[in-house]
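Here are my notes on the model, point by point. Please keep the structure open while reading.

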Amino acid sequence: MMRWPWLAGMAILLALPLRPAFAAGPAADASPAGAGMVAQITLAGPIGPAAAEYFDDAAKRAVADGAVAIVLRLDTPGGLSDSMRQIIAGMLASEVPVLVYVAPGGARAASAGTYILYAGQIAAMAPATHLGAATPVQLGGSRPMPLPKAGEPPASPGSAAEDEATAEDAEAQKAMNDAIAYIRSLAQLRGRNAQWAEQAVRGAATLTASEAAQQHVIDFVATDVTDLLARADGRKVRVGDRDVTLRVKGASVREYAPGARTRFLAIITNPTIAYLLLLAGIFGLLLEAMHPGAMLPGIAGGICLLVGLYALQLLPVNYAGLALMALGVGLLVAEAANPSVGAFGVGGLVSFVVGSVMLMNTGVPGYGVNLGVIAGIAVCAAALLALIVWLVFRSRRAHQVTGDAAMLVDTGELLEPVEAGGEAWMMVRGERWRVRCDSSLPAGARVHVVSRQGLLLRVEPL
């Protein structure tokens, strides 16, 4: 019975050294340098649905693994506003500080990247990097007010042209004001230069890394992640509704790579890949319709079409361009099924190319279909159209090969002698025919067909 007090005392003594590691709040700041783990998430390329899902998933895994901070390594030309706001919402809701680091040298945080940089508790850049040009892009594009023709007075106030231009200007102004208010709110939250942030949105201003540090747009310039953690160590930042002192100097850095689903999403949401999937799906189903029972084109085409449509609903798609593409494919199929003089084909080719160019909003950085791919497909379609038209004209000039008209130019060889006005057998096109001739001819004589009466041919000597 006396053993239990001794065992209890030993358990208490063994547990005492473990108490600081489990302490919450300010006691966590007392942990020795390098004792924690810092998660690194890398966003390189356009900001889109795949990037937003990757950040959300990786940030949650990092927090679950006990990361004391997250380093968001950034190199982006910009991207979609919705995806950018999803990433920033995840950063603001994060339970640990997010250190945004524009790296490596030559990287940029343009457009949407500027907003993300402003949202981080710590904003840093590597040498030879830059940020800015955060002006929002309208998905529909802007249409300038038409100039008056020569001799015409300019549009008077209250005219239809001015009303349309005013409505478009109002929409653009609303989008601009919303973007300015958003980035200013982030700047005020993190205590950064809100005036320059507005210039980046309103005037597409840009800064280098050293200029950004001088104008208090970022906190400092760091050469690498180790330097970033060393410079950030000891700084007080706001995480949610509490203040946290960073203890990240010498911490181990763990890279969180995207999962299989995120990588797949990144591939199919590439505008060029989505475009090719859409075409593969359409032509696969057309081949199945023209050759029922082939199965493989129909199955592969259906899968490609569904995956392509899923990708398109995540991207800034112009549905007028999609409709023009569908019309173009329909006209090309009509030309192949019922060859004309090329009117369907030319119209379909023009419609397809124009629709392909219009399909994606090229004003959003990184979200336009590669023009080289469009040009290559257009050239192949034009070559196929030219081949079809050439074959049509060639068939019209070719001699008839079936029917009575074709037999009138056939020649053959008598298999047996024939008396004048009598009948015999001859070989025509590898077939035995009964023939009648008005002249007497020996076996082996060459004759040509002059008419047909049922299964009897009338022939004459050559």
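1. Two strands pair if DSSP finds at least two bridges between them. Helices (H or I, at least four residues) and strands (E, at least two) are DSSP runs, numbered from the N terminus. With that in place, S4, S6 and S7 form an open sheet of three strands in the order S4-S6-S7, with mixed pairing. Strand S4 (108-110) and strand S7 (206-208) are the edge strands, and each pairs on one side only. The twist averages 10° from one strand to the next; angles run from 0 to 180 degrees between N-to-C directions, and axes are lines fitted to C-alpha atoms, for helices over the stretch in contact.

2. A word on provenance. This is a predicted model: local features need pLDDT of at least 70, side-chain atom pairs count only at pLDDT 80 or more, and totals for chains, interfaces and linings use all residues. Residues are numbered from 1 along each chain as its sequence is written, and side-chain values use heavy atoms, with hydrogens and water left out.

3. Back to the sheet. S4 and strand S6 (residues 130-132) run parallel and share three bridges. Arg108 stands opposite His130 in S6. Helix H5 (residues 112-119) packs on the sheet and touches both S4 and S6. The direction of H5 makes about 105° with that of S4. Contact here means heavy atoms within 4.5 Å.

4. How many residues of H5 are buried? Eight of its eight are, where buried means under 20% relative accessible area, exposed over 50%, and partly exposed in between (1.4 Å probe, protein chains only). Among them are Gly113, Tyr115 and Tyr118.

5. Thr76 deserves a look. Thr76 sits in the loop between strand S2 (69-75) and helix H4 (81-93). Its relative accessibility is 0%, so Thr76 counts as buried. Its side chain reaches the backbone nitrogen of Gly78 at 3.0 Å. Leaving aside neighbours within four places in sequence, Thr76 is in contact with Gly45, Pro46, Ile47, Arg108, Ala109, Ala110 and Gly113.

6. Strand S12 (residues 411-414) and strand S13 (residues 423-428) run antiparallel and are joined by two bridges. Leu414 stands opposite Met426 in S13.

7. Val450 lies in strand S15 (residues 446-453). Is Val450 buried or partly exposed? Val450 has a relative accessible area of 31%, so it is partly exposed. Beyond four places in sequence, Val450 is in contact with Leu408, Arg458, Val459 and Glu460. Val450 and Glu460 are ten residues apart in sequence, and their C-alpha atoms are 7.0 Å apart.

8. On the annotation: an unreviewed UniProt entry lists residues 264-287, 294-311, 317-334, 341-359 and 371-393 as "transmembrane region". Such annotations may be inferred rather than shown by experiment. In the model, residues 294-311 are 89% helix and 0% strand, with end C-alpha atoms 27 Å apart. Residues 317-334 are 89% helix and 0% strand, with end C-alpha atoms 26 Å apart.

9. Totals for the protein chain. There are 16 helices and 16 strands. Buried residues make up 38% of the 462 residues. Of the contacts with a separation of 6 or more, 64% join residues 24 or more positions apart.

How values were computed:
Polar contact = N/O pair within 3.5 Å; in protein donor to acceptor, adjacent residues only side chain to side chain.
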